[in-house]
Every structure is written in C-alpha cells, then in structure tokens.
Protein chains: 2
Amino acid sequence: MLRKILVIGAGKSTSYLLDYFLEKAESEQLQITIGDLHPEMIPSRIKNQVACEIIQLDIFDEALRKNLISQSNIVVSMLPASLHILVARDCIALKKHLVTASYISKELKEISPAAEQKGLIFMNEMGLDPGIDHMSAMQVIDRIREKGGKMLLFESFTGGLVAPESDTNLWNYKFTWNPRNVVLAGQGGTAKFIQEGTYKYIPYHRLFRRTEYFEIEGYGRFEGYANRDSLNYREAYGLQDVLTLYRGTLRRVGFSKAWNIFVQLGMTDDSYVIENSEKMSFRDYTNLFLPYSPTDSVELKLRHYLKIDQDDIVWEKLLELNLFDSKKTIPLVKASPAQMLQYILEQKWSLGDDDKDMIVMYHKFGYELDGEKRQIDSNMVVTGKNRTHTAMAKTLGLPVAMATLAILNKKITTPGVQIPIRKEVYKPILAELQKYHIRFREYDVPYFGYNPDTQII
Amino acid sequence: MLRKILVIGAGKSTSYLLDYFLEKAESEQLQITIGDLHPEMIPSRIKNQVACEIIQLDIFDEALRKNLISQSNIVVSMLPASLHILVARDCIALKKHLVTASYISKELKEISPAAEQKGLIFMNEMGLDPGIDHMSAMQVIDRIREKGGKMLLFESFTGGLVAPESDTNLWNYKFTWNPRNVVLAGQGGTAKFIQEGTYKYIPYHRLFRRTEYFEIEGYGRFEGYANRDSLNYREAYGLQDVLTLYRGTLRRVGFSKAWNIFVQLGMTDDSYVIENSEKMSFRDYTNLFLPYSPTDSVELKLRHYLKIDQDDIVWEKLLELNLFDSKKTIPLVKASPAQMLQYILEQKWSLGDDDKDMIVMYHKFGYELDGEKRQIDSNMVVTGKNRTHTAMAKTLGLPVAMATLAILNKKITTPGVQIPIRKEVYKPILAELQKYHIRFREYDVPYFGYNPDTQII
C-alpha cells in the first residue's frame, strides 16, 4: 500500500530531504506531496518525478492545509519554527505523525499529552543542531552509562563553515545558512554554562572574547564561543550532576576576535533604525559608531577606539570587507545596524555556485569508570558538493527524512512531542547516516577536564 | 478663599515640596491634603501643621481618590510615573489642574486634547532633570533667538553627586537617589546624538568609555556620558537644525572607567536570575563572570580578562567595594546580577545621616550672531543639607511646588499636557528658584564647537 508523506515548505534546505524520499519512493512505496507557497521555485529534478505531487499551499489556508494533512500518513513541516503549531494542531485532530527540525516551542510542548493519548509521534529537533548533536551525544553517554561510568563533563560545539578548498577570504567564513542568524548570533540573553560545578555567565559583548580552542585531525584548529543556554538539555540528557556542561558554536581561529569589532562598535544591533540609512556609504556607516572628530580619519578613530595595533591581522579583515570605502553604498531604507552590516558582509561572504560548505561537530565526554577519569573526543566533518547540495542541507534534511520513514515503518514507536534522545531513534538513524558519509570519529584520550584535583578558585 | 492642594504620594523626595507649601500656607491661603499609602512615614514636622491634612490613600481605591481630587483646586502627583495616568484621567473628569515631575507617558499625551478643551493645565517634567534643565535651557535659547542668533550646538549634562565635604570614597560617588536606577543607567537602548551634523550611536557596553570632560569653576572636573536619546527634545526646543545635540549624565572624572568594569563583566544585567544567589559571597559573585580556572585567583583572572594594569587606580576602587571578599555575603534570593551588584554598592555608597549631596547641571550653547560664532556655558551647583534635605529633593520639589502655586495664581495659563519650555512658565519659576539659591552662572566663552571649518571625517 502506498504511504503518503506530506512535506510542507520546500525551501533551499530540503534538497537532500526530498531526494531521499524520491530515491526510496519505489522500494518503500512512498507518495510525496509537497505543499509550498512558491511551487515554481521547486527544481524540475523534483517536480518531474512520478512519485511527487506539488501543490501551492498558503499555510494560513486552513481548509486546504487540513485537507492535505488528512490525506497523508505522516507530515514533515519545514516551515519557519513559529508556524509548526498550526500544522501540529491539525495533526492532533486528524491523527497524523509529525516531524520537524526545529526547537520545541512552548505551544508545541503543551500539546504533548494530546499527542501521547492518540499514540502520535511528534519528532522535533531532528536536523543537525539540534538533531545529530542530540543523537550522537546520547549514543556515547548511554554507552558510558551502560558500562557503569559516571558522566563528569560534556562539551559540544557545532559550526557551519566553508570547506578548505572554498576558503578564500581572511575570515575563513562564508554564509552557508541564513545570514541574518549569523549576524544576530549570541544575542538575546547572557550565555550561561557550568564549568567544574561553577555557574558561569558571559554577556553578549564579551562572548566573542571568551573562546575555547579545538584541534580536529585533518582539519586544523577551530575556536568555539558559548551558546546562550548550555543548560537547556541538562535534564533531557540526564546530566543534572555533571560538573561541566558547555555548548557552543565553532568558527575558524581568529573569526571571533575580528567579529568582536562589530559587536563592540554596535554594528550587530537589530533593535533600532539608523537615520538616513539609504545610500549611506560603507565608510559613513562605520563612522556612525565612532567619536566625532574634525580632523582624524575613520581608520585612525577605529584603531584608537578599539586599540587595534598596526600589525594586527584583524585590520586586514576589515579592509577586505571594504568597511572604509566611501564609494560603495548600502541600498537599504530604514535599516538597522545589523541589516546594514549583513549587506556589507554579503558582498564578500556569499557562497559561489561551486563553493563547498563544511559542517563540523565536536563533542567532549569526560567520565569516571572503575575509579579512573577518562575522556572521549568525538567529531564529525561533512563537506558539501556545491551551493545547492550543501553539507548543511544534507545534515539537516537526511535525519528528518530518515526519521519520517522510520516512523512510517514503525521502527520508532514511542508517542508524544519529543526530541531524538531515545535509543530506538538514534541507533537506526545514526547507522543509516553513516551510509551517507555522515559519521563520527571517536578518540579515547586522557582525561583533561579542568584539573579539578587542584581546584583553587 | 482657601485654595486646596492635593499632594498624592509623600515619599522622601517631597521634603522641600511640602515645606514650600506650608511656608506659603498662610500668605497664599493654602490648605494641603496629603494622600499617601503610608501616612505614618510622614515626619511630624509636617503632620503637625494646621494647614495640613493627612489621609491614607491607596491609589487604586477609586472612590477615595476621586473624592479627594474633587475636593481640591489642583493636584500634585508624586507617584511613580506609571501611575500618573490614573490621577490624570480623574483630573480631566473633575476639571482639576495637575503637576508632576515625570516624563510624559504615551497615555498622558493622548489626553492632551481633552485637557486643552477643558482649559486644564497638566504640567509635567517639572522637577530637576527633566524640569530645571528644560527651563534653564529654553531661557538661554530664547534669548539667543530674540537677539537674532542661530543655534548651532546644544549640550546638556546633569548629575546627582556627593558634595566635596562628604566625598569620602574613591569613586567620588554615593547613592543620592534610587540606587536601582543608578545600576541600570544607560540600559534599554543605544545612545543616539548628533555631532556636527553626523548621527552617532553608542551601544551600552561602550557608553562608559565615550565620556566628555568639563571643568566647573570652583568644583573641578567632571565627566559626562551620553543619555539614551539626546534627540527627544529636538522639536520641543526648536533645535531641528542644530549641528550638535548631546545630553548626558555627569560624574566625577574616573567614575565611568571604573563603572565600565561592572558593565564589561555583565554585573549590571537585570534580565536574568543567578542560580543560588542567596548567601553567595562577594567573591563568588565576581567569579561568576570570569573564566574558570583550577589555579588562578579571581583577582588575577579579572585583571587579565579586562587588562587592568597593576598600578591602575580602578583596582583600588574594586577593593574598596570588597568585591573579592569571600566572607561577606549577599542575602538576596533569586536575584539578578544587577540586584546583587546594588547590594554590594549599598554597603559602601549609602548616604550617611549628615552626608550632603550635590546636584550639578551644565549647559553649552553654541550659536551664530552677526556672522560670528559664539558660545555660552552655563552651570548650576546645588548642595544638600543632610540626608533628608537633599539637593535632589530641593531641585526636584521646589519647581513642582512653584509651578503649582503659579497655576493657582493664574501666572501660568496655557492649557494642555505640557513641559516647562514656555516663557510664562520658566521666567517666574527660574526667578523664584534664585531666592532659594538655585541659580545658574553664565559665561560667554569663545566658540569651541567641533572646529567645523576644517571638518575632515
């Protein structure tokens, strides 16, 4: 019997997701319906498939939305996170399973009892980060516990970067995802984590100066800055007693120090509108954040204001972005500082057609077993093919697709609103991801921890 | 005929306000009714006056509130700013004038047409800052214009400080006003102003590093940091075309550099709660914002983190506050970083019984007259008597009291929700304030401006 999958929202990140379904359509007897506001944007490679039906769907068109959901066996929502709840409520009413790659919202959490009661699986955070991070972490944590080990430390970092062969600028960075999210990264609250049993708090304006360093075999050095709330998954992972819990974002070494210049100047602020932003030159934009002077140049003012030495490489990074160019202008009307900065960055950091992105994930597990402290380092590196088939789309889309099929095939059976931390979920999916070259390398290393035996603070 | 003044809210800042009314009670035929939630807190000096009646008033007791307002000729609201609107609506209904020292809220602005229609005067921002700043600025600006001058520049700074004879700590600062407002000062938005026709924006985390300096004859040097929005009164003052518009807060030189340490660490953040705040030592509190180390001391970590030289005086300022003390504890439950910092500061910065506060206001007016650029500097310094009769209470309360009487005596007649920028308001009140030694000293000085003729930016 044909199983019907409804995919709502077919944006750029769904290339691998749809390819997976279509590749399995015959063997798994799948019929794919794609509901999207802009069906004309869907590539013909997908459109022309027999197993695939495309329907224009405005998500606020309740009648059509419910109609499509009622005809499906399972729903995949790739909508913006805030809209999942519309689909989820229909799924409750129409008794359909649901898969998303987004964080669980408060509203979604509230309908978990209803989903459980009806035996429905609402699988969320089923992409890369959140998603693969949950699964790969829980697999190691469960293994440590099954051996009788006690978790002491968990650190986890993920970054969407550019592959070495496409790494052509001084920042070692290009936009491989929503640029707006990159510009606003770290805002909206103090970063909070635990190190050796001590709570630590980093305000946004210091975030990019409190990085940690990592070496990943074959890929060189990376740095990580703390995510807003490392403690979110403390209960979910069962890590209430660990001494160190730290989650962060990975960049190439040196990125954060240079990015901090934007933060210090106030260029990443999205909370107000710049007067007369339209047609402002890059130079005038930079000067908005510097003291007035009748004589000194914007360059000297910036160097002095942020104490940037003459031979500091960060200066070359600013020049590369044309931050002092008085000819180049920003065409945005009533724009915030962050929107204007994004425009400037997009001129240099956009992915070229043949550019390859790279996803790097890094976990550190510290634990005690048989009276001995031990450590496992684990990492995953995935490189994209080109601008369409990115590592980002692959690592986001494949877990979603695999979870959808696993639910259809009753490999995943626990009902309720959930994230992929159960063995019945992560085991088959991590195994299948390996076939697509999404795999972790694990290293048993000496426990480094934070030298807690000599703790003097 | 006896005129009845209803004063709602008789907190600490009303000492001079009430004294003024009582002093004038006989000659001006005044009857004062004080409505307050805690009448027992009102000093007997005031309670025992024949001209004074005290009534316990819960501002949300609509019947009593309306009853009291209906019996009065004019109402003075010294309530928290957000509650004025309750009183104002009654004043519209019952046809009473109203005086407050607070900023005009959106709700209050909306009822201005109703007030005008009924011929009612709702005078606001009638204290020190806002209040005396408006009046003293407009008096000079109007005079320059009457001579045919064109305004080029306006800068204005006010500070609530401690008088030199009571200045006994390294910060040259004590709390002479609501400490919470001092801890949160500068938050809630980017500071915005104009210098020589160029908009300038300073994010909060740089605010205390972008100070300007002033010398005030007989009182030494001060520094000023920018207020959140210097452009608020651009239209009200008729300064749409000035090249420089800058409003700020005054401190003694060196305060801001040291305060910036708290800002950088994240100690002034009021947006989240510290885990286990209760009984945390001052040292542990400081350590929350520093990187973890098994070996390094909190002192060294802080020095290194913020690059504080060994001989930098800011270090002594931190020591004076016992910021590294592991014995002293903070008794606050579920407190924010800002609340905990406030507690630490209050141990050292509270005003003693005999301590004298000091208000400093400084204006700079640049203008062009007869083809020549000129400048007027103007300043006011007021010193308090003791912890009750503060310069703050005096400069806040007297203008309110004087405006109330001036309205009763029909010296002020223009109806509507307004601030004291009209000559009919500022002229008599500034003149009367002089009798109470609240006066401005004016200096004609060479135009300093920002050297706009050689402008190269």
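Predicted model: local features only at pLDDT ≥ 70, side-chain atom pairs only at ≥ 80, totals over all residues.
Buried here means under 20% relative accessible area, with exposed set at over 50% and partly exposed in between (1.4 Å probe, protein chains only); helices (H or I, at least four residues) and strands (E, at least two) are DSSP runs, numbered from the N terminus. The buried set consists of B:Phe255, B:Ser256, B:Ala258, B:Trp259, B:Asn260, B:Ile261, B:Phe262, B:Val263, B:Gln264 and B:Leu265.

A word on bookkeeping: residues are numbered from 1 along each chain as its sequence is written, and chains are lettered from A and ligands numbered from 1 in the order in which they are written. Local features need pLDDT of at least 70 and side-chain atom pairs count only at pLDDT 80 or more, while totals for chains, interfaces and linings use all residues; side-chain values use heavy atoms, with hydrogens and water left out.

Now to the interface. Contact (heavy atoms within 4.5 Å) links 44 residues of chain B with 44 residues of chain A. Between them the two chains bury about 3800 Å², 50% of it on carbon and sulfur atoms; this is the accessible area (1.4 Å probe) that two parts lose on being put together, summed over both. Two salt bridges are counted between chain B and chain A, a salt bridge being a side-chain nitrogen of Lys or Arg within 4 Å of a carboxyl oxygen of Asp or Glu. One of them pairs B:Glu275 with A:Lys192, their closest N and O atoms lying 3.0 Å apart.

On the side of chain B that touches chain A, at least two residues each come from strand E8 (191-195), strand E9 (198-202), helix H9 (204-207), H10, helix H11 (282-287) and helix H12 (298-305). E9(B) gives the most, with five residues.

How do the two copies line up? A 180 degrees rotation with 0.1 Å of shift along its axis superposes chain B on chain A (RMSD 0.0 Å), by least squares on the C-alpha atoms of residues with pLDDT of at least 70 in both. The copies are thus related as by a two-fold rotation axis. The same surface serves both, as 100% of the contact residues of chain B recur in chain A. Of the residues of chain B, B:His205 comes closest to the axis, its C-alpha at 3.4 Å.

Away from that axis topic, B:Lys174 sits in the loop between strand E7 (150-162) and helix H8 (179-184) of chain B and counts as buried, at 5% relative accessibility. Its side chain makes a polar contact of 2.9 Å with that of B:Asp355.

In chain A, A:Gly127 belongs to the loop between strand E6 (121-123) and helix H7 (132-146) and is buried, with a relative accessible area of 0%. Leaving out residues up to four places away in sequence, A:Gly127 touches A:Ala101, A:Ile132, A:Thr395, A:Leu396 and A:Pro399. A:Ser112, in helix H6 (residues 112-117) of chain A, is buried too, at 10%.

How values were computed. Polar contact = N/O pair within 3.5 Å; in protein donor to acceptor, adjacent residues only side chain to side chain.
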